[in-house]
Amino acid sequence: MSSILKRAPAAFSILKKKFQPFVSSLLWMLVVVWTAVTLTFIMSRLIPADPARLAAGLQAGQEQVEEVRKQLGLDRPLLEQYANYLSGILRFDLGKSIQTRQPVIDDIREYLPATLELVFAAFFTITFLGILLGVLWARFPKSILSKSLSVFTVLGVALPVFWIGLILQVIFAANLKLFPLAGNLPYSKYQVESITGMGTIDSILSGNIPAFKTAIFALVLPVTALVISQIAISIRLTRSSMASELQKPYINAARARGVSEWRITVFDALRNALNPVITMLGLQFGWLLGGTILVEVVFSWPGLGLYAFNAFRTFDYNPILAITLVITIVFVVVNQLVSMLYPVLDPRIKK
Amino acid sequence: MITRVKIRKLVQFWPLFALGLIALIVLLPGVFTTKDPYSLDVINRLQPPSWEHFFGTDEGGRDIFSRVVYGSRITIGSAVLIVSISATAGILLGAIAGWFGGRIDGFLMRVLDVFLAFPYLVLAMALAASIGRNMGSAILALTLVWWPSYARMVRGQVLSIKNELHVKVSKTFVTSARQMLLWHIIPHTRRTIIARVTLDIGYVIIAITGLSFLGLGAQNPSPEWGLLIANARPYVLVGWWYSVFPGLVLVLIVSLIVAVGDKLSKETSW
Amino acid sequence: MVDYKVIVESLSVSYRGNHIPALSNVSFALEDAECLGIVGESGSGKSTAALAVMGLLGRNAELSANSIKVGSCDVLKARKKALLSLRRSFVGVVFQDPSASWNPSRKIVDQLLQPFPRKDHQHLREKLIGYMEQVGIEKAQERIGVYPHNLSGGMLQRIMIAGALLSEPQLLIADEPTSALDVTVQADLLGLLSHLQRQRSLSMLMISHNLAVVAKISNRVLVMYAGTIVEAGPTKNVLLRPMHPYTKSLLASVPGVEKERKKPLDTTVSALVALSGCPYSSRCVSAIDICHTRKPELREIQGAQVACHRAEELESNSVISR
């Protein structure tokens, strides 16, 4: 018993040491989120138009506008409005959209899955196809594949998402009619039940194969447009990382032991070469969150991006600010989680 | 006489020529076109490409080629502006963080992590909603997202030089952060920074055209490239030239800039 | 009937981007249970020669030879499978830099057992532990499951040797195994290698830039300069009666104790290599006209081979000049 008591303070300080970075990360996360919330509030009060008038409608008379102003609490002192705003956020109340006449939070729930479908599909493609092609390029540098990849990756970075989306749409959808022109899976047409809100997954869950095929086809052009410039980056990065890794002495040592070339490529070189690639993938995911807006606009994909764009065009500010807030929070949280993961992945980083 | 050797030697300097050409287009558009990019001529709307109008005309009868040429000023010019500001700010902040270390460094790094890879489209939209949709808010949004990589680069350099100084020379040699910045960091990292800046100009061009496409940056009747393509969208099936040519020019110019940036980052002898 | 473990005929190697070839028309043979030492400064081509034997040269190496035979296998014509099985069972290699020759993110044991099928892993593991103890590693059981950065250079080299022996090879190639280690560890490691070679009657190729190291454990020595063999013979001959001017200068400069080497100066050799005639002629104190114009061939003199136009006369003069 006394030995436990003796060791308690030491154990406590070890615990404290281990938890300290964790706690400070957590605190920082809260600080950033709070800053984002406050900034969005400030921005919402900076908007040029009179929010009460916007909410009431452009035809409304002055009295009606004042009614609405009282209703929305816009005549209160600023600090009180701020407090209301904060408490609203904690209750997941992000205001109402003028366009859809629904609470923004409901709109977000409705449109989020389609965006997620796009983003996940794009992310998978960039990751797996990008790494695969990069590895193949490094392994077989004189092949036709490699030669064409070296041309593609130089041009690919320069392809703007919106333009290439437009071109793909015109060539493959309008002219060749290989893919749908716009939109995702038309649920009602195929009588698919909306469970997750993602066409591909829902059609699998419903066992509806033709619907699944349509859903996949609907994804092809938007994902291609979204991915093409980013995949050029990840292919190049993977290749250069692999190429330099394959030059290292330990690779030759493994070869000397009689390990087959493909085994060396996958189990030795790739493992070490992936480090910078994974970092880049994290950055690319952040980019994807914004890039979907472009694709959704061009292909009329009913996701958050299109929703935000329409809100923007119709001066419907609540959705815009709400989405900014949501994305910022998600972004910061994911970032922090990932940076806490790094020591786990690399055995050398102990500190 | 122009011999093969001379040609080969000249070809070595292709990055310079490429950048020179781009600068020429931006600074002296009159060299390339005599038409007014803003003058309407509705009778001749949506004409296909011809000798008169290399890229055809748009829905207002304006010559697309000259719009592209003049648009380069806005697109490329604002990209250069954005990169200049964010590079300068990033370098300064990175140097400060690295030099003073401790809490300042810790704080700055945390801030950096927030902005690094933040989806700029979202930020631009929020800014445009609050302070107005114009190039200014677009430039601000992009600058905020682009400075971290420079800060990180410079901070790393400062840290390694700090270590070196500790070992080699006593701290009394370097009296201030400013001195260190001017005489150690910049000469050392000059090349990396210039390469990085070149690449970034290419990437920022893509970003800014995207913003204008959505209506977040340039506004009509500006001939900014992203806006051009957005305007071309309704006519894409009747006037293919309207969306194809500006896009092609965009892709070509950015490819060129990125290729130059790549070359610069690999080259060690300049 | 001599049993040769390695026969190399007219091997030439050049690396893309270098106009000076790494190896020019090199031929040598290794007898059964013999230890052949290859000495030369960096850039002499000694490592290239040894690695070429196993087909371990990198992608930018262009190789041409009349034949390279290891055991009964013709390395030049062998198919991938044959080459792999050769590496797994016939040859063991010990590399130079222990800190770079291991994959930093995999455990030692995993790396060593990688070429073998899963089912053999269990008993190979025990075998490995046994070998590790033989090479002088205590607590082998624990050490086997750690990452490379947890172990010292000397320890890593010993493990590499143990690993090389795992497949019961008949040939061991050691490419500068001690160069990256400090003096005391070096002597130990050399002793170990020497002991193992004799104990198991291993045929061994020992490469080093240090003549003393090579002399300690080799039966025969090849002295290389700028991609060619300049002298070859039994260790005693080469050491006590060197015939080539380069060998003589090497001997003169060896302090007897390995000095710690920083990054080798590749430029020294390639900058001074004469492009015509004897490659050593630009540095040779005894060079005469013919040395600059005609490349000397290896010829047999007093039980050893030398590539020098003036070998005999310098030999007879040396009694006077010493």
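How many of the 351 residues of chain A count as buried? The share is 47%, and the legends below take this predicted model one close-up at a time.

View 1. Chain A has 14 helices and 0 strands. Take the contacts in chain A with a separation of 6 or more: residues 24 or more positions apart account for 68% of them.

**View 2. Where chain A meets chain B.** Here 43 residues of chain A are in contact with 42 residues of chain B. About 3,900 Å² is buried between chain A and chain B, and carbon and sulfur atoms give 77% of that area. Of the 2 pairs of chains that touch, chains A and B have the most contacts between them. The rule also finds 5 residue pairs in polar contact across this interface, both partners at pLDDT 80 or more. On the side of chain A that touches chain B, the elements giving two or more residues are helix H1 (2-46), helix H6 (144-156), helix H7 (161-175), helix H12 (261-299), helix H13 (304-313) and helix H14 (317-345) of chain A. H12(A) gives the most to that side, with 10 residues. Sort the side of chain A that touches chain B by class and you get 33 nonpolar, 9 polar and 1 charged residues.

**View 3. The salt bridge between chains A and B.** How many salt bridges does the rule find across the interface of chain A and chain B? The count is 1. Its partners are A:Arg236 and B:Asp262, with the closest N and O atoms 2.7 Å apart.

**View 4. Where chain A meets chain C.** This contact takes 22 residues from chain A and 23 residues from chain C. The area buried between chain A and chain C is about 2,100 Å², with 52% given by carbon and sulfur atoms. For polar contacts, the rule finds 10 residue pairs across the interface of chain A and chain C, both residues at pLDDT 80 or more. Helix H5 (104-139), helix H11 (249-256) and H12 of chain A are the elements that give two or more residues to the side of chain A that touches chain C. H11(A) has the largest share of that side, 7 residues. By class, the side of chain A that touches chain C comes out as 10 nonpolar, 4 polar and 8 charged residues.

**View 5. The salt bridge between chains A and C.** Across the interface of chain A and chain C the rule again finds a salt bridge, with a count of 1. This one pairs the side chains of C:Arg106 and A:Asp268, at 3.3 Å from N to O.

**View 6. Chain C on its own.** Chain C has 13 helices and 13 strands. Its C-alpha atoms fill a box of roughly 65 × 45 × 40 Å along the principal axes. A compact globule with 322 residues would have a radius of gyration near 20 Å, and chain C agrees, because its own value is 20 Å. Of the 322 residues of chain C, 52% count as buried. Among contacts in chain C between residues at least 6 apart in sequence, 65% join residues at least 24 apart.

**View 7. Two positive phi values in chain C.** C:Glu168 is not a glycine, yet it has a positive phi of about 50 degrees. You'll find C:Glu168 in the loop between helix H6 (153-165) and strand S8 (171-175) of chain C. C:Glu168 counts as partly exposed because its relative accessibility is 45%. C:Ala226 is also a residue other than glycine with a positive phi, near 50 degrees. C:Ala226 sits in the loop between strand S10 (220-225) and strand S11 (228-234) of chain C. Is C:Ala226 buried or exposed? C:Ala226 has 10% relative accessibility, so it counts as buried.

**View 8. A cis peptide bond in chain B.** The bond joining B:Asn220 and B:Pro221 is cis, with omega about 0 degrees. B:Pro221 has its place in the loop between helix H7 (177-213) and helix H8 (225-232) of chain B.

Definitions and conventions
Residues numbered from 1 in each chain as written. Chains lettered and ligands numbered in written order. Predicted model: local features only at pLDDT ≥ 70, side-chain atom pairs only at ≥ 80, totals over all residues. Heavy atoms only, no water. Helix = DSSP H or I, 4+ residues; strand = E, 2+ residues; numbered from the N terminus. Buried < 20%, exposed > 50% of the residue type's maximum accessible area, 1.4 Å probe, protein only. Contact = heavy atoms within 4.5 Å. Buried area = accessible area lost by both parts, 1.4 Å probe. Salt bridge = Lys/Arg side-chain N within 4 Å of Asp/Glu carboxyl O. Polar contact = N/O pair within 3.5 Å; in protein donor to acceptor, adjacent residues only side chain to side chain. Nonpolar A, V, L, I, M, F, W, Y, C, P; charged D, E, K, R; others polar. Rg over C-alpha atoms; globule rule 2.2 N^0.38 Å.
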